[in-house]
Amino acid sequence: MITGVVIILVLIVLGLLVYNVTIHKKIQKFKNMNQKITNLYVVQDFMNAIGETSSVDQKIKKINDILIERYEIKYSTIVVFDGAEYQIKASNVDEKHWGTLKSLQDIDMFKDSIQTATPKYVTVNSESERLPYQEMEFGRAKSAIFFPLYIDNVYIGYWIIESGTPHDFDNVDTTVLEVIKENIVSVLKTVVHQKTLESIVRKDLFSGLYSEEYLYGEGKKIIDQYTISTICMFKIINIQEINKKGSRELGNKVITEVSKYVKANISEDYVFVRYMGPKFVIAFSGVEANGVADFLNDIKEKIESMKITLTNEDLEELDIEEKDRNNYKAIAVPKLNFVISSYYKGTGLEEVLKKQEEYLDHANIDESDITNI
């Protein structure tokens, strides 16, 4: 009788053990699934941040904010080497500590991490201690993980997360953190082209307008505030003839006068740039194609009635000797060819411009019209 009871109890205990193991596996599976879902949401948030009409630095700051919120990280700092110095691109740490945070590459323990491309975890054992890289701060961080960042095997900086609790990252899932790190790298890699464009934007000497690159950075932010806009590209089609029969100086003045007239007669809400050579682009933000036709016809008519010549003041400024000035007295009458296209937010602006440029470059030399493609 007692033996039977013992056997039953043993079976019950074994059954409970099996049940507990099963429940534990299910809970672990649920946690893993929940973590994967969180990671997917974070990736989606990253992509949304990349697509926002903001600067590269603003995007990186937004990404850091997403990390802090989604993963409940106490402190998160992204540091990037720009080729000359280390710069903190995003951090929720007080700025008085930034000097230390952007010099971590000089700390021996992190030098090894950078050389081996492996994370480095550091912590203290008590509240009275401080982390090795901290110079004058005692209470802020008590544990940290340092992640070196690489793009195509080229070291570009690091990401460091910190906690105010000792040993806070002892049991953290490092695979999740590695995924986050790779997402940071992907974002930095994606926005590097935008950063390049932002840094090379310049103003044209003769027109006083921004160059083509402006369209893909600051200009696109303005255009993409609207769902649909009209992109107009026009070309001074007789500029070579003006340069040849008059002078290059006269051609430059034609560029200046045409630019000045258009700029003075369009809204500041529109983007106007010198695209390349005798080609210009006006982005009518938030305006459909049928809303610009009359305006462009008027602009075209006014410009093509201009008679542009070099004045004595121009010749003096160009340092042309008085005896040679009669050779520069030719009169130029600009002739323009226009093409317009609809642009929809989220589509390829560069593709629209490429198509327009090809049209103007291959149009008949005598064509002087406004064409919608």
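Let me start with a helix, α9, and its buried residues: Leu-250, Gly-251, Lys-253, Val-254, Ile-255, Val-258, Ser-259 and Val-262. Bear in mind that this is a predicted model.

An α-helix has 3.6 residues a turn, so residues three or four places apart point the same way.

As for its dimensions, α9 has 17 residues and spans 24 Å from first C-alpha to last, close to the 24 Å expected at 1.5 Å a residue.

Now the sheet. It is open, with five strands in the order β7-β8-β6-β9-β10, and the pairing is mixed. At the edges sit β7, residues 271-276, and β10, residues 370-372, each of which pairs on one side only. On average, neighbouring strands are turned by 25° against each other, direction ignored.

Helix α9, residues 248-264, packs on this sheet and touches β6, β7 and β8, with its direction at about 155° to that of β6.

Inside the sheet, β6, residues 228-236, and β8, residues 279-284, run antiparallel and are joined by six bridges.

Last, helix α12, residues 349-362. This helix lies across β6, β7, β8, β9 and β10, and runs at about 30° to β6.

That's it from me; I'm happy to take questions.

Technical notes
Residues numbered from 1 in each chain as written. Predicted model: local features only at pLDDT ≥ 70, side-chain atom pairs only at ≥ 80, totals over all residues. Heavy atoms only, no water. Pairing = 2+ DSSP bridges. Helix = DSSP H or I, 4+ residues; strand = E, 2+ residues; numbered from the N terminus. Axes fitted to C-alpha atoms, helices over the stretch in contact; angles between N-to-C directions. Contact = heavy atoms within 4.5 Å. Expected span 1.5 Å × (residues − 1). Buried < 20%, exposed > 50% of the residue type's maximum accessible area, 1.4 Å probe, protein only.
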